[in-house]
Amino acid sequence: MALKILFSPSESKISLNTNDKFDGKNLIFSELFGKRAEILKRYDVFLKSANLDEIKKLFGLKELEDSEQLRESLSKKGSIKAILRYDGVAYKHLNYRGLSDETQKYIDNNV
């Protein structure tokens with residue numbers, strides 16, 4: 001049995017555009033993809049129908065500019081592994097991209 005490592009999300013994230021769409025193939029518990037897809041569908045419906053104050057409340061923001069990009073479906077946006085998206089202190093020290101392929105695979109499967 002492999003050790004599972006919990007790594008806290010970071011407030012700091014990098015803006016990196018990819019062409020990889022959210023398809024569930026690489027997610028832990030891939031058997032739950034249908035439920036995840038349903039949640040994303042409901043989220044998309046909310047974004048299209050909510051007013052700006054409702055969206056600010058959802059995200060806990062005081063300021064937010066309404067834009068077409070804000071209301072774009074997440075299924076149309078590129079996705080990236082969380083280990084690559086986050087950019088906080090712990091992630092910088094981990095230096096995922098600088099690790100060997102074998103170590104990256106271990107992290108992909110256990111973090």
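With 43% relative accessibility, N95 counts as partly exposed, a class that lies between buried (under 20% relative accessible area) and exposed (over 50%), using a 1.4 Å probe and protein chains only. N95 sits in the loop between α4 and α5, and its phi is near 50 degrees, a positive value in a residue other than glycine. Most residues other than glycine have a negative phi.

The model is a predicted one, in which local features need pLDDT of at least 70 and side-chain atom pairs count only at pLDDT 80 or more, while totals for chains, interfaces and linings use all residues. Residues are numbered from 1 along each chain as its sequence is written, and side-chain values use heavy atoms, with hydrogens and water left out.

The chain has five helices and zero strands; here helices (H or I, at least four residues) and strands (E, at least two) are DSSP runs, numbered from the N terminus. Of its 111 residues, 18% count as buried. The C-alpha atoms fill a box of roughly 45 × 30 × 25 Å, taken along the principal axes.

Q104, I107 and N110 of α5 are buried. They cover an arc of only 150 degrees around the axis, which puts them on the same side of α5; the arc is that of the directions from the helix axis to the C-beta atoms. D101, E102 and K105, on the other side of α5, are exposed. The buried residues of α5 pack against α3 (82–85) and α4 (89–94).

I107 also belongs to the largest nonpolar core, whose six residues are I83, L84, Y86, Y91, Y96 and I107. Such a core is a set of buried Ala, Val, Leu, Ile, Met, Phe, Trp, Tyr and Cys residues joined through side-chain atoms within 4.5 Å. Neighbours within four places in sequence aside, L84 is in contact (heavy atoms within 4.5 Å) with I14, Y96 and R97.

The largest pocket holds about 2,200 Å³ of space. Among the 50 residues that line this pocket, S79, I80, K81, A82 and R85 are the closest to its centre. A pocket is an open set of points on a 1 Å grid over the protein atoms alone, where a 1.4 Å probe fits, with protein on both sides within 12 Å along at least five of seven lines; lining residues have an atom within 4 Å of a point. Helices α1 (33–49), α3 and α5 each supply at least two residues of the lining.

Note on methods: Grid points are joined across faces, edges and corners, and a volume is the space filled by probe spheres set on the points.
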